[in-house]
Amino acid sequence: MELTEIASAVVRLEPGAFEKFLEEAQGRSSDELSAAALVLSASDDVQVNCLLGNLLYYVGATPALEPLVQRVLDALTRGEFEEWEPALLLPMQDEDVRHGLPQRDRLLSLVPSDSWLFGLLQVVDLETLVVLHPLSGKGFEVTIGGLGDNAQFHTLLGYRLVPAFLEGEPPQQAWVEAASVGPDLEPEGGIQGQFELSDAFGETIWNEGRPADIPLLDGVRVVVLGTPAYVRLWNAGRLYPMMTPMVDVTRELSPDEVASWLAKVKS
């Protein structure tokens, strides 16, 4: 049976259609799922739109994304955000959906700042930061994406830098897995930081913040690594379990480049 036919039955809210769709969707091709998503996008039922959002996580930013976003915006104006927020929570954990998201600015202006969706709207993807380690005189270009908060960034940055580029005790494997794609988000004993993170203006980069909060210097987010003043522990490796993170060392800066950046930052 065509998956689009079952999707049409879901839109009509026929009894048993929702369950049949979930069963039949298993193993279908991306093209079939995309076509079914477009059919589902005709519905204004919240549960059908949550199902649509789940499909978009797997197929990316198809034309069905725009009506879904519009319905969430409409729900915001009606004061029904909590009911409709789940429709975007899963798809927004896919980089392709984040990249193709329509009406991002309007969503940011209306979504509550303490919501899970607001955090996903703040995620930066494929952005290159400058990371400086004054104690060693080293610096790096680091490309990031898919990070929910600075605690996750902290863990994965330590994993990439220690001991490959910097001396020290690297993060435990359980911490790295919790911060990336492992099933256990809260490893026993918590997660410990390797550095003291500051921005280019000498302000602390707090774990509770996001990479998007790190201020720009000359158009680039700059992170300065120092020795921790105390042991900093946290519980969860990542906020969004289905979002794939990226923290890659693109290149090591030359000594002249490091000196130039260190001359600009506030110690």
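## Serine 41

Where is the place of serine 41? Serine 41 sits in the loop between helix 3 (30-40) and helix 4 (46-59). Helices are DSSP runs of H or I, at least four residues, numbered from the N terminus.

Serine 41 counts as buried, at 9% relative accessibility. Buried means under 20% relative accessible area, with a 1.4 Å probe and protein chains only. Beyond its neighbours within four places in sequence, serine 41 is in contact with Leu52, Ala64, Pro67 and Arg71. Contact means heavy atoms within 4.5 Å.

## Basis of the model

This is a predicted model: local features need pLDDT of at least 70, side-chain atom pairs count only at pLDDT 80 or more, and totals for chains, interfaces and linings use all residues. Residues are numbered from 1 along each chain as its sequence is written, and side-chain values use heavy atoms, leaving out hydrogens and water.

## Valine 97

Valine 97 belongs to helix 8 (residues 95-99). Its relative accessible area is 0%, so valine 97 is buried. Leaving aside neighbours within four places in sequence, valine 97 is in contact with Leu56, Gly60, Ala61, Leu65, Pro91 and Met92.

Methionine 1 lies 96 residues from valine 97 in sequence. In space, the two are 28 Å apart, C-alpha to C-alpha.

## Glutamine 152

Glutamine 152 is part of helix 11 (residues 150-161). Glutamine 152 is buried, because its relative accessible area is 2%. A polar atom of its side chain lies 2.8 Å from the backbone nitrogen of glycine 148.

Neighbours within four places in sequence aside, glutamine 152 is in contact with Gly146, Leu147, Ala179, Gly237, Arg238 and Pro245.

Terms used: Helix = DSSP H or I, 4+ residues; strand = E, 2+ residues; numbered from the N terminus. Buried < 20%, exposed > 50% of the residue type's maximum accessible area, 1.4 Å probe, protein only. Polar contact = N/O pair within 3.5 Å; in protein donor to acceptor, adjacent residues only side chain to side chain.
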